[in-house]
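Here is a short report for a reader new to this structure. Take a look at the model before reading on.

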Amino acid sequence: MSIGKPSAGTVTPTALTELPAHTRVLVVGAGFGGLAAAGSLIRDGRARDVVIVERAAEVGGTWRDNTYPGCACDVPTSLYSLSFAPSPEWSHTFAEQPELFDYLKGVATRSGIRARTLFGCELLGAEWDARSACWRVSTSRGEITAQVLVAASGALSTPNLPDIDGLDSFEGTVFHSAAWNHDHDLTGERIAVVGSGASAVQFVPQIVDRAQRVTVFQRTASWVIPRRNRTLGAVEKALYRRIPVTQKVVRGLVYGMREAYVVVFAYLTWLLPVIALVSKAQLRAQVRDPRLRRKLMPAFTIGCKRMLLSNEWLPTLARDDVDLVASGLQRVTRTGVVGSDGVEREVDTIIFGTGFTPTEPPIARLLRGADGRTLAEHWDGSPSAHLGVTVSGFPNLFLMYGPNTNLGHSSIVYMLESQATYIREALAYMAARRAAALDVDAAAQQRHTSRIGDALATTVWNSGGCSSWYMDKRGRNSVMWPTFTWRYRTQLSTFDAENYRAIEPGAAEEVA
């Protein structure tokens with residue numbers, strides 16, 4: 001289905017106005033993950049009883065919330081889009097936030113998802129009721145029971161605001177890049193930017209011309225590589241509209257090229273210094289000051305942390321009105337900031353570009369399983385799940401973008417659609433067996449987690465010598481998928497019933 005034009009039988013854009021008492025499937029969150037899961041189930045005639053709850057007033061997830069200047073995708077849009085909803089109208093190979101947000105709104109409306117969504121409905125808690133074999137869910141709009149709960153709140157949905165000494169005493173303006181304060185005028189201001197990751201490299205070049213001075217606090221230097229973005233012309237778009245298969249071919253080619261990256265990241269890591277030459281050449285060409293270059297040269301293997309795609313970041317840091325502090329922020333005073341170098345700098349605004357908390361997702365604190373403990377208590381800071389989707393002791397709970405499904409080389413949307421297929425097949429199995437619930441075997445979950453850990457051991461994400469958000473508080477990489485994405489899709493293309501216990505009607509209390 002093309003998103004360029006409404007399809008026949010398009011539903012009205014009217015969303016739900018109240019929460020039903022019960023649904024077979026409740027999806028929490030309407031970002032890419034929620035749309036992928038709901039879209040798969042709605043298209044399947046066997047699973048039409050679906051309700052989506054979204055705490056915000058619109059779909060979109062991270063592409064709704066992150067509105068900072070320059071916000072854009074760093075994966076080619078031809079691949080960073082839902083396969084069931086191709087769009088021939090992308091303006092660039094790397095789409096910017098407003099375009100992605102509009103795309104997701106269009107998907108929700110034209111696929112029928114919006115009509116099944118209750119907006120302004122926040123999940124407050126959910127617990128498994130073993131006796132009735134359902135999830136009892138509490139929301140800001142009331143109570144609902146659901147046979148199946150799909151948690152699609154996203155791994156990058158809650159900003160990480162570090163606990164900095166003195167921050168409460170600051171008399172200026174403070175905000176996180178994921179909650180950009182558009183009402184605050186940065187013109188002529190002295191701005192401190194804390195963090196130098198994927199968000200900062202996009203917004204700092206956009207605000208620097210308005211500011212009087214920008215000081216960037218860089219805890220760790222990152223590898224920067226060129227961003228090969230181009231405008232898609234009218235002829236190319238017309239070709240995609242009139243001959244849709246051409247867009248599928250382009251998507252396949254881009255997918256193949258991105259899959260090739262994992263060969264170096266996971267298997268032939270000795271080739272990574274060759275890729276580093278590209279980054280070093282860009283650094284030398286864009287930063288003439290040797291002292292600044294030394295501050296910007298990473299001390300770990302390229303690929304260990306997320307590589308940053310930018311053509312403007314390094315030239316921005318080389319400007320006379322930009323300072324780079326190659327150390328963390330130590331404390332904040334009433335009128336300024338103090339870095340680990342001990343120097344106090346007067347600033348008017350502090351912007352945190354400090355990422356999110358993927359290894360400790362807030363939703364895990366809201367879900368209580370068969371033994372009454374929360375998912376966060378089960379995980380204890382080190383998330384694990386069978387195939388990144390199900391957790392033993394939490395029957396009929398399915399995770400989107402769960403543990404060890406993040407990528408360092410390709411599109412997470414591909415992984416999300418694989419998970420959506422798996423959930424659909426699991427529900428079909430339940431219906432065929434007339435099962436009340438499914439609970440994954442703890443041993444199967446542990447085997448999967450062990451296999452992932454073994455596979456990650458020799459990848460650059462574990463052995464590259466960096467400290468990254470991929471590692472949880474136990475020092476385990478509970479975020480990254482270690483190999484080709486087609487292997488993940490193959491594993492999730494059919495439901496592995498042998499690794500589950502089917503709970504029959506009337507026997508649900510045995511789960512407790």
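Is Arg114 buried or exposed? Arg114 has a relative accessibility of 7%, so it counts as buried. Buried means under 20% relative accessible area, exposed over 50%, and partly exposed in between (1.4 Å probe, protein chains only).

This is a predicted model, where local features need pLDDT of at least 70, side-chain atom pairs count only at pLDDT 80 or more, and totals for chains, interfaces and linings use all residues. Residues are numbered from 1 along each chain as its sequence is written, and side-chain values use heavy atoms, with hydrogens and water left out.

**Salt bridges**

A salt bridge is a side-chain nitrogen of Lys or Arg within 4 Å of a carboxyl oxygen of Asp or Glu. The count is 21. The table shows some of them.

| Pair | N to O distance |
|---|---|
| Glu58 and Arg114 | 3.0 Å |
| Glu417 and Arg251 | 3.9 Å |
| Arg373 and Asp371 | 3.1 Å |

Glu58 and Arg114 meet in a salt bridge. Glu58 sits in the loop between strand 2 (50–54) and helix 2 (62–65), and Arg114 in the loop between helix 3 (97–110) and strand 3 (117–119), so the pair ties together parts 56 residues apart in sequence. Helices (H or I, at least four residues) and strands (E, at least two) are DSSP runs, numbered from the N terminus. Glu58 is buried too, at 18% relative accessibility.

Glu417 and Arg251 form another salt bridge. This pair links distant parts of the chain: Glu417 is in helix 11 (residues 412–433) and Arg251 in helix 6, 166 residues apart. Both are buried.

Arg373 bridges to Asp371. Arg373 is partly exposed at 38%, and Asp371 is partly exposed at 45%.

**A polar contact**

Asn499 lies in the loop between helix 14 (485–492) and strand 20 (500–503). Asn499 is buried, at 14% relative accessible area. Its side chain makes a polar contact with the side chain of Arg447 (3.4 Å). Such a contact is a pair of N or O atoms within 3.5 Å; within protein, one must be able to donate a hydrogen and the other to accept it, and residues adjacent in sequence count only if both atoms are side-chain atoms.

Three strands form an open antiparallel sheet in the order 13-14-15. Two strands pair if DSSP finds at least two bridges between them. Strand 13 (329–332) and strand 15 (344–346) stand at the edges with a single partner strand each, so one side of each has no neighbour in the sheet. Strand 13 pairs with strand 14 (residues 336–339) over three bridges. Arg331 stands opposite Val338 in strand 14.
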